[in-house]
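Dear colleague,

Please find below the structure that I am handing over to you, together with its sequence.

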Amino acid sequence: MAGTIDFQDGDGLTLMDNSLVWVSSEEIGWIKGRIVRKPGPGEVEVEVVERDHAPDPPNGTLIQASVEDLLPVSELDANEEPTKIGDVLNLQVLHDAAVYEILRLRYFGDNIYTQAGPTSLISINPYKQIVPLYTQRAINTYKDNTQGAAPHVFGMAQTAHNNLVDNGVCQSILCSGESGAGKTEVAKLVVQYLAATTSK
């Protein structure tokens, strides 16, 4: 269907037929879909677009949504390889749905670390061993140079150590999260890294 969907003043988004959007869902967070028509003022009908590893309704399912429950999908972000977006601040459109989606895609690619700016790291417990993440080779990668390296708890530990040495200012690494999120394991990895790289 072609043409502009003519929303009333105050609907908040200017959208076209066939626009990709995120639809808020109480059950699963966000559903990706494509606008197919506007059945009434402030409402749209969205066709579900299937995603890998997502509990979405079947591909092509039509759902009714309020314009207030929509967020835009950036075509640039949608076409980008998730492993190349290591920092959520590099997303073209930054909102809850875009952040959750990039974290989800990285998680299923065993990329459990994602930056949120230079001093924040998002870590998702994989509930399995990802051995290459914590080898001596990984330690050496971040000890030599954190610039351009993939997001990692070792990179955060090295940055804190560099700031301590270069600026002479005490540093803190705060690990926060829900019960079972892996805070203790992250803290142990920080100590392991610092012990391996700073001991004489």
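A residue is called buried under 20% relative accessible area, exposed over 50%, and partly exposed in between, with a 1.4 Å probe and protein chains only. At 65% relative accessibility, Thr-119 therefore counts as exposed.

This is a predicted model, in which local features need pLDDT of at least 70 and side-chain atom pairs count only at pLDDT 80 or more, while totals for chains, interfaces and linings use all residues. Residues are numbered from 1 along each chain as its sequence is written, and side-chain values use heavy atoms, with hydrogens and water left out.

Helices (H or I, at least four residues) and strands (E, at least two) are DSSP runs, numbered from the N terminus. Thr-119 lies in the loop between strand E6 (113-115) and strand E7 (121-123). Its C-alpha is 9.1 Å from that of Ala-160, although 41 residues separate Thr-119 and Ala-160 in sequence.

Ala-160 is one of the buried residues of H4, which also include Val-153, Phe-154, Gly-155, Met-156, Ala-157 and Gln-158. Their cover, in terms of contact (heavy atoms within 4.5 Å), includes E6, E7, helix H3 (136-144) and helix H5 (183-198). Helix H4 covers residues 153-167, and its end C-alpha atoms are 21 Å apart, in agreement with the 21 Å that 15 residues should span at 1.5 Å a residue; the expected span is 1.5 Å times one less than the number of residues. Just after H4, Gly-168 has a positive phi of about 65 degrees.

I turn now to the sheet. Two strands pair if DSSP finds at least two bridges between them. Five strands form an open sheet with antiparallel pairing, in the order E4-E3-E2-E1-E5. Strand E4 (62-66) and strand E5 (70-72) each have a single partner strand, so one side of each has no neighbour in the sheet. From one strand to the next, the twist averages 50 degrees, where axes are lines fitted to C-alpha atoms, for helices over the stretch in contact, and angles run from 0 to 180 degrees between N-to-C directions.

Strand E2 (residues 29-37) and strand E3 (residues 43-48) are antiparallel, with 4 bridges; Arg-34 has Glu-47 in E3 as its bridge partner. E2 and E3 form a hairpin with 5 residues between them, and Gly-42 in the turn has a positive phi of about 70 degrees.

Yours sincerely
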